[in-house]
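Dear colleague,

Please find below the structure that I am handing over to you. I would be grateful if you kept it open while reading the notes that follow.

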Amino acid sequence: MLNQQKADGELLQVLGKVVSLLLILVLLATLAFKYFSSLERVGVQSLKADHTKLINVLGMVKAQWFAQGRPNLMPLDWNSFEVYGQNMTKENELVLIKMSKGGWPLPEQRDKVGCKQLWGQLLGRETVKQHIVTSFDPSRDVCDYFDNNSDRLSYQLSSGRVIFLTKD
């Protein structure tokens, strides 16, 4: 009888350990699911922030275009916005950007490479670092920027309109 009680006690200990282990695994799986689902939202927020930034930059560029007398090529100097002394080793490069008759920035060439360069010129970042894929639709005269979540930012070259579309 003593052996039976001892075996039952050991069995209850093993059962308690298995239940504890299962609870820990369920908790970890829940946390992992919430973590990985939040990563998608971070990507959307990044492109959403770029949407807002692009709208602001386009407004600023158009205001400069008016102030400079509506030139066909306009210099963009993003280095003037940096804190003094941060970028002293790098040569300050003046970027000339092509402008439309309506005052909207245009890519050098009307293809996906030109759209990629335009993104870098306007936002100061390369699309490769952000995992953004560019495309150009000549029928609509639109540069499209896609992120890894299939969300899209469209810039209409003729009107300066910027549209942000999510997959939802």
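Which pattern does the protein chain follow when read along the sequence? The pattern is α-β-β-β-α-α-β-β-β-β. Please note that this is a predicted model. In total, the secondary structure of the protein chain comes to 3 helices and 7 strands.

Let me begin with the sheet. Four of the strands form an open sheet, in the order β4-β5-β6-β7, and their pairing is antiparallel. At its edges stand β4 (133–137) and β7 (162–165); each has a single partner strand, so one side of each is left without a neighbour in the sheet. From one strand to the next, the twist averages 20 degrees.

The next point concerns the surface. The protein chain has an accessible surface of about 11600 Å², and 60% of this belongs to carbon and sulfur atoms. Of its 168 residues, 29% count as buried. A nonpolar surface patch of about 860 Å² is made by Val14, Val18, Leu21, Leu22, Ile24, Leu25, Leu27, Leu28 and Leu31. One of these residues, Ile24, has its place in helix α1 (residues 2–67). Ile24 counts as partly exposed because its relative accessibility is 48%, and the partly exposed class lies between under 20% (buried) and over 50% (exposed).

Finally, two residues deserve a look for their backbone angles. Most residues other than glycine have a negative phi. Arg70, although not a glycine, has a positive phi of about 60 degrees. Asp141 likewise has a positive value, with phi near 60 degrees. Where are they found? Arg70 is in the loop between α1 and β1 (73–76), while Asp141 lies in the loop between β4 and β5. Is each of them buried or exposed? Arg70 is exposed, as its relative accessible area is 53%, whereas Asp141 is buried, with a relative accessible area of 17%.

With kind regards

Notes. Residues numbered from 1 in each chain as written. Predicted model: local features only at pLDDT ≥ 70, side-chain atom pairs only at ≥ 80, totals over all residues. Heavy atoms only, no water. Pairing = 2+ DSSP bridges. Helix = DSSP H or I, 4+ residues; strand = E, 2+ residues; numbered from the N terminus. Axes fitted to C-alpha atoms, helices over the stretch in contact; angles between N-to-C directions. Buried < 20%, exposed > 50% of the residue type's maximum accessible area, 1.4 Å probe, protein only. Areas by Shrake-Rupley, 256 points an atom, 1.4 Å probe, with all protein chains shown as cover. Patch = residues over 30% accessible without salt bridge, like charges linked within 9 Å, V, L, I, M, F, W, Y side chains within 5 Å. Salt bridge = Lys/Arg side-chain N within 4 Å of Asp/Glu carboxyl O.
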